[in-house]
Amino acid sequence: MAGKQVGNPISPSTSQSSDLLRLLEPISADLVAVEQLLAAQVTEFEPAIRTQIQYLLTGSGKRLRPALTLLAGGATGGVNHHHVTMGVIMELIHLATLVHDDILDEAELRHNQATPNARWGNEISVLLGDCLFARALHLTAGYSTTDICRRVSAATGEVCAGEILQTQRRFDLDLTVPQYLDIIYKKTGALFAASCELGAILNDSPPVVVKLFQRFGGRLGIAYQIFDDCIDIFGQESHAGKSLGTDVKKGKLTLPFLLLLNNAEGDRRRELGEMIFAGTPAARRELVGLAFQTGTVSESLLAIERHVAEAEACLSDLPGNSHTQTLSALVGFIATKSRLLLQQGVAA
């Protein structure tokens, strides 16, 4: 539905983190174990870089990927130390991608603290990210089957491929929505999918169950990334705790502006493209207004809800228990935040 811009740009609720912690209460003890094992990884690095590694590992991230691994494990028979280790592996890979992503975006703030590139420069930060990747792959060697290492490596490769594809398509006004969705699946969905899939594999779940968890994670990851892309455009940095507007500044087209371009033709499309990539505050304000007026914000949020619905459908074919119910609640959490985004930004 189309609407008009009202008030300030959209910002996520300041209670979002506490809401998520309450939602994940059934695995709170397991998440503590993940946090402890993650912190313990610092001593596995060269003494000269341990301070920097500790800085990377002790941020205030939401630990969504470890949570998905733990929940998939609990839903398929129970959480054990292998799931905790896998949660650490997934988080190390995620943190490594964030380090590299912040370098590419020239971001200066994440999780309310200076990014590694802002503190130590790009050269050291690239290598710190590489160290996290290497440590994650080292941990996979502790499993009795090489299939775990292959699956983790494949997911890591997809994430890197997604970053490369996005970089190749910067400032590209011919980017299509399906191509954008493919990029964000690789960037985010693939690691969400692997987190869920591996949680089930570690309990020797049947292939059909593993496939359901893989699809669930992928759909949820796409929905989450679209939501995060909306925050980058419409959010407030003081609430988000990270640098915003970096996607547009670096020529990355995300769904709201991509839909805005798709709804225009000829000279108007070129004009909008120039405005998007100009990156000035005035251009941003005008584009945000147009996004609300033309309904592309609503279209973006509907896309989120479509992928959320597909994720929920996967859960309906799994046995019900407290962990499956928490996964469903997590899906609802993303959907609720999406609806809140719409309610805050569009007049009734």
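This is a predicted model: local features need pLDDT of at least 70, side-chain atom pairs count only at pLDDT 80 or more; totals for chains, interfaces and linings use all residues.

Student: How many cavities of 30 Å³ or more does the structure hold?

Tutor: There are three cavities of 30 Å³ or more.

Student: Why are they called cavities and not pockets?

Tutor: A cavity is a space where a 1.4 Å probe fits but cannot get out, whereas a pocket is open. The three spaces are counted as cavities, so the probe cannot get out of them.

Student: What is the volume of the largest cavity, and which residues are closest to its centre?

Tutor: Its volume is about 180 Å³. The lining has 16 residues, and L56, R110, H111, Q113 and P116 are the closest to the centre.

Student: What makes a residue part of the lining?

Tutor: It must have an atom within 4 Å of a point of the cavity. L56 is one of the lining residues of the largest cavity, so L56 has such an atom.

Student: Which element supplies the largest share of that lining?

Tutor: α5 does, with four residues. At least two residues each come from α3 (50–57), α5 (81–105) and β2 (113–114). By class, the lining has seven nonpolar, six polar and three charged residues.

Student: What lines the second largest cavity?

Tutor: This cavity, of about 60 Å³, is lined by L165, Q166, R169, R170, L175, Y180, I183, K252 and L253. Helices α8 (146–168) and α9 (177–201) each supply at least two of the lining residues.

Student: How do you know that three of its lining residues are charged?

Tutor: Lys and Arg count as charged. R169, R170 and K252 are in the lining, so they fall in that class, and the lining has three charged residues.

Key:
Residues are numbered from 1 along each chain as its sequence is written. Side-chain values use heavy atoms; hydrogens and water are left out. On a 1 Å grid over the protein atoms alone, a cavity is a set of points where a 1.4 Å probe fits but cannot get out, and a pocket is an open set with protein on both sides within 12 Å along at least five of seven lines; lining residues have an atom within 4 Å of a point. Grid points are joined across faces, edges and corners, and a volume is the space filled by probe spheres set on the points.
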